[in-house]
Amino acid sequence: MTDAVRFDVPEPGIAILTIDRPEARNALGREVREGLFAGWERFERDPALKVAILTATGDKAFCAGGDLKEMAELKLVVPPPSMFPVPGDNLTVTKPTIAAVNGVAYAGGWLIAQACDLCVASTHARFAITEAKVGRGSPWAAPLIHMIPQRIFMEVVLTGEPITAQRAYEIGLVNRVAEPGRLIEEALTLARTIAANAPLSVLAGKETVHLATEMGKTAALRAARHAWETAYRSQDAQEGPRAFAEKRKPDWKGA
């Protein structure tokens, strides 16, 4: 980890990764990138952690995108695939992730929010794919076709203009909108709900969504049945119905 990204475990099972460079609008400079790579890997390796929340310090910027000054100094042409930390692309993160967007999420900021499984946004958050305004590229936006309507996708990429948190909610980019002072608590509420569920079912559920996104119907059904096999054959699959019948909370073993 680097000082630019904090890693906290506020309660059992839940990690919070916080980009802590408010003076730089939490831009994706080298230290932030390295900190996020390390943070996601730490979360994935720790079996005690079930859900992670990605957020940032301050109330102005979740992440303003790549560090354009750094790019100018490096004379960056095509960013290498390993440059930015993107779960589901160059990072394996099998457990659920939630973006808690506290301000502007522009360019690379939109990217790292998009890469999370769920998104909670502050009422004053703004989202934009601004690359067209500075002559850069946004190939990473391709998966948006499975998240938002095609014509809206076209508009945000071609104009580079921001959309509000409410608009992002309306088009399906954001799951929940919260007042600034309630943002982290809203994300924690979502994380707690997920963390309370059977771990193997949660993992298989996330994999099923990705399979359904990437495959046709028949192939996705076949792959999903395979993905759920471990959960079906687990102790937890017997514990859940037993706990329901006995009117108690289930004691999940994750096995």
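Q: What makes the reach of helix 9 close to the expected value?
A: In this predicted model, helix 9 has 16 residues and spans 21 Å from first C-alpha to last. At 1.5 Å a residue, 22 Å is expected. The expected span is 1.5 Å times one less than the number of residues. The two values are therefore close.

Q: Which residues of helix 9 are buried, and what do they pack against?
A: Ala220, Ala224, Ala227 and Ala231 are buried. To be called buried, a residue must have under 20% relative accessible area. These buried residues pack against helix 8 and helix 10 (235–245).

Q: Why is helix 8 called roughly antiparallel to helix 9?
A: The axes of helix 8 (residues 199–214) and helix 9 (residues 217–232) cross at roughly 170°. Angles over 145 degrees count as roughly antiparallel. So helix 8 is roughly antiparallel to helix 9. Their axes come within 9 Å.

Q: Which residues meet where helix 8 contacts helix 9, and how do they divide into nonpolar, polar and charged?
A: Helix 8 contributes residues including Leu200, Ala204, Glu207 and Leu211. Helix 9 contributes residues including Ala220, Ala224, Trp228 and Ala231. The contact residues divide into 10 nonpolar, 4 polar and 1 charged.

Q: Where is Pro85, and what does Pro85 touch?
A: Pro85 sits in the loop between helix 2 (68–74) and strand 5 (97–101). Beyond four places away in sequence, Pro85 touches Arg33, Leu36, Phe37, Asn90, Leu91 and Ile112. The C-alpha atoms of Pro85 and Gly35 are 9.2 Å apart, though 50 residues separate them along the chain.

Methods: Residues numbered from 1 in each chain as written. Predicted model: local features only at pLDDT ≥ 70, side-chain atom pairs only at ≥ 80, totals over all residues. Heavy atoms only, no water. Helix = DSSP H or I, 4+ residues; strand = E, 2+ residues; numbered from the N terminus. Contact = heavy atoms within 4.5 Å. Axes fitted to C-alpha atoms, helices over the stretch in contact; angles between N-to-C directions. Parallel < 35°, antiparallel > 145°, perpendicular 65-115°, else oblique. Nonpolar A, V, L, I, M, F, W, Y, C, P; charged D, E, K, R; others polar. Buried < 20%, exposed > 50% of the residue type's maximum accessible area, 1.4 Å probe, protein only.
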